[in-house]
Amino acid sequence: MEVLREKVEEEEEAEREEAAERAEWARTEKMMRPVEVRKEETTLTQEMLRDLEKKLSEIQIPISAELPAFTKDTIDISKLPVSYKTNTPKEEHLLQVADNFSRQYSHLCPDRVPLFLHPLNECEVPKFVSTTLRPTLMPYPELYNWDSCAQFVSDFLTMVPLPDPLKPPSHLYSSTTVLNYQKGNCFDFSTLLCSMLIGSGYDAYCVNGYGSLDLCHMDLTREVCPLTVKPKETVQKEEKVLPKKYTVRPPRDLCSRFEQEQEVKKQQEIRAQEKKQLREEEERLMEAEKAKPDALHGLRVHSWVLVLSGKREVPENFFIDAFTGHSYSTQDERFLGIESLWNHKNYWINMQDCWNCCKDLIFDLGDPVRWEYMLLGTDKSQLSLTEEDDSGINDEDDVENLGKEDEDKSFDMPHSWVEQIEISPEAFETRCPNGKKVIQYKRAKLEKWAPYLNSNGLVSRLTTYKDLECTNILEIKEWYQNREDMLELKHINKTTDLKIDYFKPGHPHALRVHSYKSMQPEMDRVIEFYETARVDGLIKREETASTMTEYYQGRPDFLSYRHANFRPRVKKLALSSAESNPRPIVKITEQFFRNPEKPAEEDVAERVFLLAEERIQLRYHCRDDHITASKREFLRRTEVDSKGNRIIMTPDMCISFEVEPMEHTKKLLYQYEAMMHLKREEKLSRHQVWESELEVLEILKLREEEEAAHTLTISIYDTKRNEKSKEYREAMERVMHEEHLRQVETQLDYLAPFLAQLPPGEKLTRWQAVRLKDECLSDFKQRLINKANLIQARFEKETQELQKKQQWYQENQVTLTPEDEDLYLSYCSQAMFRIRILEQRLNRHKELAPLKYLALEEKLYKDPRLGELQKIFA
Amino acid sequence: MNRLCDSMEPRVMDDDMLKLAVGEQGPQEEAGQLAKQEGILFKDVLSLQLDFRNILRIDNLWQFENLRKLQLDNNIIEKIEGLENLTHLVWLDLSFNNIETIEGLDTLVNLEDLSLFNNRISKIDSLDALVKLQVLSLGNNQIDNMMNIVYLRRFKCLRTLSLSGNPISEAEDYKMFICAYLPDLVYLDFRRIDDHTKELAEAKHQYSIDELKHQENLMQVRLQDERARQEELEKHKTAFVEHLNGSFLFDSMYAEDSEGNKLSYLPGVSELLEAYKDKFVIICVNIFEYGLKQQEKRKIELDTFSECVHEAIQENQEQGKRKIAQFEEKHLSSLSAIREESELPNIEKMILECSADVSELFNELMMLEMQLVEQLEETINMFERNIVDMVGLFIENVQSLMAQCRDLENHHHEKLLEISISTLEKIVKGDLDEDLPDDLRALFVDKDTIVNAVGASHDIHLLKIDNREDELVTRINSWCTRLVDKIHKDEIMRNRKRVKEINQYIDHMQSELDNLEYSDILD
């Protein structure tokens, strides 16, 4: 009954397949049509036919033979574990089941391609694909999420195209081998990624299907680089404020509405025109960028990863292309069809029609109509119970069970034959093969390096081009890591020549951003700072050839802005460098935030020092309920009145406008004091400006030095790169080693050479023991004497030499050059040192020798092998 | 030292003396010349030193309104007086005088440093106003009671105290006592108190201090409670429904009603009264809650109104500021152009242009202001209408609720009358089985008396209810009119101020231009 039912199903399936094929055919036909149309229109001549033939023969299926194939003979299989080379009985059973399944499948669906069930592994052993998956949770927290996992796989492995782009490969290697050689085809990529994803808890599946040309060849040249895509500006929805009950009515609008409308209309027309032009332009560009039609469209085999929603808070099903590590929606048109998919537990065949790419597929793996499964009872949780009632399902299960030919209901997938997937920390850090990877995007090129690979800390570089051929550079972005000067990103705009350096917090000058065109001082530049790290609260300093503007925040004196205008430098006759000849300042403008402790009319908002005109202008803050602010202007004039007395202060030296005139401010005394105060302030401000200039010079100098040195910082936890800790560790090891040696020495057997003379294994007689002891002691005594003699000899030799040298010096003292004399002196001091040391050693030896002798004697007494001796004395 | 001066003639603090002192202590050198030229006003003086001048009486200081520091040491002052106006005083030195009591310092709330060294003071007193006091010097006086120290506990900022040379400093416990009772003190008699001494002192006087603290805390709590209650009442008062959240009104009805109280002893009346009271209180509570709700509503209304008005004014100000900023930018450039121009006709032309600009600015600003006035007027009128409506509605509802009270009262009155008459009948018939109090029985002489008594009670009750109602209505009405008046007045003031400001500014601009003209012509 089940067979019948299956047959019916299969027939339906076949019909659907046919429909799909027809659709496929229709599509290819459509693609071909332009040629055909032309063919029909013109009468076919011989030349044309020949031409066509020629053209057709020119079309080649692009088989990338030139790429280094990842073949079997490059793999050393001798070191692989047993599970790689043989199959366990359970695996054999599984293979039988798979074969049976495959036979049934090919019988029922003769027009579908054979299943990709058990390719050979590196040891030429057939292995079922599900057992090749080895779910592993990586020990790196960075690899916990799918996006970083996918990025890692795509970075770590080099892509090798399939030997035959139209067929699944005959071999599927284990992930450990693939990781070892850092190469693989799409199946290797997706197997590795799938193992990692399942390990970290995702509901992930390997997919065997069909993909577009770009996808299969990892061709990103038609994709926009993800790094260049600007994050979409989140349009802040303006909260519509409900007009409050007492909101005043706006003043009456006296403009003509008709005119406004006309204006709006005109504007709209212009805009529409512009839009149209833009669209046309875009279309033209799109046309240029569009891919050439692919002759094998829809037939290219590809493998990728499917992640189903549910686990790990994944809201929606999606695909991951393991080559690029990008995620795609299941509706994406680059994925043209699915043949089968599997995880570590089961294998499913897609029974749905893929005429419309994967857009109509429903990933409900529990639905046996849509997905034919191979093993029963492993993963029924997928079945959505809402569609069919329970009894129906049960029936079906029973029926299926019958159909599976006494298949053991509880048969589940054997354990993976693949070894534990391991990635060493070095490999993880290096990421890309040899630590370098280049990806070509549309109008962009991305280069990646492992950290510390480049001596200047460069880790990636994005070059953006103007044209599709990538010849005309638009801008370059370079990312750095671990730099001591905290440089993070360098942005070079080739069209404007503007360079922008971005820094992480921690630069000695608290730099944040530095944009400049040249490193020469007094040129256009903007330097931004981390203001919290600076004592003076400076945020930004902008410079042009003749001005300098500074912005401040959070200062106790409420200064917010300082702007200085310079005059070109006057040529001085005296010799003076640029640093000691600052540019004369024409004008300093300072602005202040409101100081809440002062009343508004005493709180200066802006002061302008016109140094050239000896004039000071003050503008005060505006009171909350006023629209005008007080102003004051001081003219610094030092004049002499008719009697020759110096005029200290006259009323016309201070012009002031006060919102609320007050008595005390009219006084000359008050004005005089204010002016004196301002004079002092002016001096300070001028000084500040010069200081700032000096600081800029200093920063530039420092930046140049840093650029030249580009030292990298090494974390104290980085045991491999941290030289200091390495040295320390080595020293520790050496000490340990020496300690060990010493211990070995103490355990040295004094008796061994003497015992060797006697026949082994026999117990020593007393006489023998006494002899042995005496020999040993006399030998040791001799050694001690020898040693003393040796030291003595050396001592004497040194002394003699020194005496000789001294004599020579005495004789030749007059004729010696200073260098010779120096040499002599240094020799003398060294010789003296050596003599002294030798003397000390000799003395020490003399002291220690008897002690050592006694110690050995004691030791020999206690030696168990010479127990005979003790017996006598006991 | 002041003993020496006793022989000399006491001097009077007159104008000359003060002027001399101010002149001597004022600015020096160039600034001094200016000061002399102009003269210094007493009210600009911040610090004044009047020592060793044999002053007997403090006088003539009322002009020094802004004085921060006053030194009157080494004189022969006997009484602290004449300092009432110096409210900004921070530093007052009255050492080496003949003062006997502390007085006359009640207005010096900003005083931080007070020196009364070497006087004849025997009691620390009258310093309550000096909440910011940090340094108090009372050495070489005649303070002889330790309890004076406890008085100093109220000064939370006091850090430095000197009391040496007083009789109390002779006591053996002197230092410990002060350290214990004034734990925040840092310096005593010019020496820093070390932590060890503090600990010792604390241990020694722990019990008495704890008791003191406990009392202080109790006082504090009581004060807080009182304040909270006051606030609550204040809140109810702003809602015009104070004392309506309970039986207060009912109780007050019976407070002055002797007949009513007497009548309540009649059989059956007490139950009746109980029920009546319950109903009455429910209505009162209704009024109370309704009043609070309405108050909330009025508050929200007022808040939105003031918010909107504020916004409108702010926006208008911003516009004005922008206009002025634009104008100033243009004006500055044209002024500098005028200065550089040398041709007289050109100058005149430019000046004319400038003054045209000024008058245009004036027009623009005034137009803005007029616009704002119109807008605000409209809004204010709308608000006025609404608030008057609200108040009217509130009064109406309260009146209807009060009418319910009155109905209750009438009902109660009828019942009471019925009972009274039946009781009277019973008494007349002589079959009253219960005992009645004598004064109540005295009412049951004849029908008129009892009816009158009941009627009088009823009248009193009605009067009370009416009074309460009237009070509520008049108060809310006056609140309403005052509010509206204030809003109108504020708006007028605002307008005046703005117009004045604009005029002032324009005048300034114009006079600046005129000056320019003059100087040019002179040139």
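A residue counts as buried when its relative accessible area is under 20%, as exposed when that area is over 50%, and as partly exposed in between. Keep in mind that this is a predicted model. By that rule B:Arg153 is buried, because its relative accessible area is 14%. A search of the whole structure turns up 61 salt bridges over all chains, and it finds zero disulfides.

**Salt bridges within chain B**

- Side chains of opposite charge can pair when their charged atoms come close.
- B:Arg153 forms a salt bridge with B:Glu216, and the closest N and O atoms are 3.0 Å apart.
- B:Arg153 sits in the loop between H4 and S6 of chain B, while B:Glu216 belongs to helix H7 (residues 206–238), so this pair ties together parts that are 63 residues apart in sequence.

- A:Glu590 and A:Arg607 form a salt bridge whose closest N and O atoms are 2.8 Å apart.
- A:Glu590 lies in strand S21 (residues 585–592) and A:Arg607 in strand S22 (residues 604–610), so the pair ties together parts of chain A that are 17 residues apart in sequence.
- Are A:Glu590 and A:Arg607 buried or exposed? Both of them are buried.
- A:Glu590 and A:Arg607 also belong to a network of salt bridges, which includes A:Arg534, A:Asp536 and A:Glu695.

- The size of an interface is often given as the accessible area lost when the parts come together.
- Chain B and chain A bury about 3,400 Å² between them, and 56% of that area is on carbon and sulfur atoms.
- Three residues, B:Glu30, B:Leu34 and B:Glu501, supply 17% of the area that chain B buries against chain A, more than any other three residues.
- The contact takes 43 residues from chain B and 30 residues from chain A.
- How many salt bridges does the rule find across the interface of chain B and chain A? It finds two.
- A:Asp625 and B:Lys497 form a salt bridge, with their closest N and O atoms 2.8 Å apart.
- On the side of chain B that touches chain A, helices H3 (29–38), H10 (269–340), H11 (344–429) and H13 (447–522) each supply at least two residues.
- H10(B) gives the most to that side, with 14 residues.
- The residues on that side of chain B divide into 17 nonpolar, twelve polar and 14 charged.

**Cysteines**

- A disulfide is a covalent bond between the sulfur atoms of two cysteines.
- A:Cys216 is in no disulfide, and the nearest cysteine sulfur, that of A:Cys186, is 6.7 Å away.
- A:Cys216 is buried, with a relative accessible area of 10%.
- A:Cys149 is buried as well, with a relative accessible area of 1%.

Methods. Residues numbered from 1 in each chain as written. Chains lettered and ligands numbered in written order. Predicted model: local features only at pLDDT ≥ 70, side-chain atom pairs only at ≥ 80, totals over all residues. Heavy atoms only, no water. Salt bridge = Lys/Arg side-chain N within 4 Å of Asp/Glu carboxyl O. Helix = DSSP H or I, 4+ residues; strand = E, 2+ residues; numbered from the N terminus. Buried < 20%, exposed > 50% of the residue type's maximum accessible area, 1.4 Å probe, protein only. Contact = heavy atoms within 4.5 Å. Buried area = accessible area lost by both parts, 1.4 Å probe. Nonpolar A, V, L, I, M, F, W, Y, C, P; charged D, E, K, R; others polar. Disulfide = S-S within 2.5 Å.
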